[in-house]
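Reader: I would like to go through this model with you before I set anything up. Could you show it to me, please?

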Amino acid sequence: MIRSSISRGILPRRIGGYYGGRCYMVLALESSCDDACVALLDKYSKDQAPKVIDQFKETLNSSGTGGIIPTDAHEFHQFTIANLVAKFCKKHNLNSTSPPDLICCTRGPGMVGSLSASLQFAKGLSVSWNKPLIGVHHMLGHILIANLPKSQQPEMEAPKYPFLSLLCSGGHTMLVLSKSLTEHEIIIDTVDIAAGDSIDKCARELGLVGNMLGKELESYVKAIPEDLKKKFENTDTKSRDNEFKFQLSLPLRSPKHLKIPEKLEFSFASFLSTIQGYRTKYFNGKDFDEMTKMFIAFKLQELVLDHMVNRINIALIKHGIDTINYTKADGKFKGVQDFICSGGVASNQRLRNKLHNNLNYRSLTKESESHILNFHFPDLALCTDNAIMIGVAGIEIFENLKVKSDLNILPIRKWPMDELLKVDGWVQLNDEEINKIRNLDL
């Protein structure tokens, strides 16, 4: 079991707060997969992002099981979450006489067993402390985490609607167009498995071990000598006509596929089947020699990431407003000037570089002006699943929609981004409840 604790400095609990008393504390929980997380946020100002006070996080060690087993994850959360939150509350003096003002918890999408552990616990806290609960959409959290200041982009403002988000993790890979807090359209989704899932399985097939195989693969590729990287980069794998007899190309690019398809999709399953087939044919199912292992690892990471960039570029051509390069663009992305990349795979520095350097996009607001996309990359620690993002999203829901969740809500395994408010369990907050949360005595 791996445990990490991110501490941002404990802030004293203010009485009355600033800005007319708009001070409220938010306790957030996240357990959609294999991470058990709890965080405390301070919404000290209406017009500024909340301050992160602290976060605890524990992660199921699945390195020896070949992946995350849902029943193991369920047991892990049942075993972990209560003690984790108890220690966290003790550290920050959160109890029945000094509770937080709002509780946020992931409702979905995710593994139902994992989700239920924290959601049921959050319901108990809501009843015990008589505080409202907000059941948060996990992917909305990944999007809105970009609202927090970034250590590497301290001067960048929060993204403004409409904006695009590449959400890439072990469970999801999608390009989303967000027009408002509740208006989200999935522009590209996966036809098979997610990018992170594909990378993990391929890395395991290459013989890499660890609890976060995507990071292991990235580290392994980074350690390859530069001269070999250059050689590998110049080695064509569109056919087997190379010294390794290894063929790997971008998915959905064969002659049978339209250059600008009617429906845009990601596809990552072929990477694993290709490596498995190659290993069986040329190595009789045995381990790769080190040179071949380095070559495949390098090409795998490059092409998985290139596939994402390629599909996004096609979406930009199809829906962009640059009619100079492509006259049939429908203008769906008109006004988009911000691009978010979030999720576990978004911590990959090579992906960040490729997106920044290889996306072909111009937002023409006037004939004589062109604007480069503003790229928002959350801090690395906030790319993987965390409770901070759930708190940030919960605050946005409270502030802008003024709703809470009924205590009869259940976890949602699949929750489409465009159905945020279409699920059951939303309850409108009245003025008295809103003022109570904001610590306003009106």
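Reader: Let us begin with α10: why is it described as largely enclosed by the rest of the structure?

Author: Please note that this is a predicted model. Of the 15 residues of α10, 13 are buried, so the helix is largely enclosed by the rest of the structure.

Reader: Which residues does α10 cover, and what length does it reach?

Author: Helix α10 runs over residues 387–401. From its first C-alpha to its last it reaches 20 Å, close to the 21 Å expected at 1.5 Å a residue.

Reader: And what is found at the start of α10?

Author: There, a side-chain oxygen of Asn-386 comes to within 3.1 Å of the backbone nitrogen of Ile-388. Just after the helix, Lys-402 has a positive phi of about 55 degrees.

Reader: What does the C-alpha trace span along its principal axes?

Author: The trace spans about 75 × 55 × 35 Å. Of the 442 residues, 54% count as buried. The accessible surface of the chain comes to about 20000 Å², and 50% of that belongs to carbon and sulfur atoms.

Reader: Among contacts between residues at least 6 apart in sequence, what share joins residues at least 24 apart?

Author: That share is 74%.

Reader: A change of topic: how many aromatic pairs are there?

Author: The count comes to 16 aromatic pairs, taking ring centres within 6.5 Å. In one of them, the rings of Phe-56 and Phe-88 have centres 5.1 Å apart and planes at 80 degrees, so this pair is edge-to-face.

Reader: Where in the chain do Phe-56 and Phe-88 lie?

Author: Phe-56 is in strand β4 (residues 51–59) and Phe-88 in helix α1 (residues 70–91). The two are 32 residues apart, and the pair links distant parts of the chain. Both Phe-56 and Phe-88 are buried.

Reader: What about Tyr-278 and Phe-283: why does that pair count as tilted?

Author: Their ring centres are 6.0 Å apart and the planes stand at 55 degrees, so the pair is tilted. Tyr-278 is buried, as is Phe-283.

Reader: Which residues form one aromatic cluster with Tyr-278 and Phe-283?

Author: The cluster also includes Phe-232, Phe-244, Phe-246, Tyr-282, Phe-288, Phe-295 and Phe-298.

Methods: Residues are numbered from 1 along each chain as its sequence is written. This is a predicted model: local features need pLDDT of at least 70, side-chain atom pairs count only at pLDDT 80 or more; totals for chains, interfaces and linings use all residues. Side-chain values use heavy atoms; hydrogens and water are left out. Helices (H or I, at least four residues) and strands (E, at least two) are DSSP runs, numbered from the N terminus. The expected span of a helix is 1.5 Å times one less than its number of residues. Buried means under 20% relative accessible area, exposed over 50%, partly exposed in between (1.4 Å probe, protein chains only). A polar contact is a pair of N or O atoms within 3.5 Å; within protein, one must be able to donate a hydrogen and the other to accept it, and residues adjacent in sequence count only if both atoms are side-chain atoms. Contact means heavy atoms within 4.5 Å. Accessible areas come from the Shrake-Rupley method with a 1.4 Å probe; for residues, only the protein chains shown count as cover. Rings of Phe, Tyr and Trp (its six-membered ring) pair if their centres lie within 6.5 Å; planes under 30 degrees apart count as stacked, over 60 as edge-to-face and the rest as tilted.
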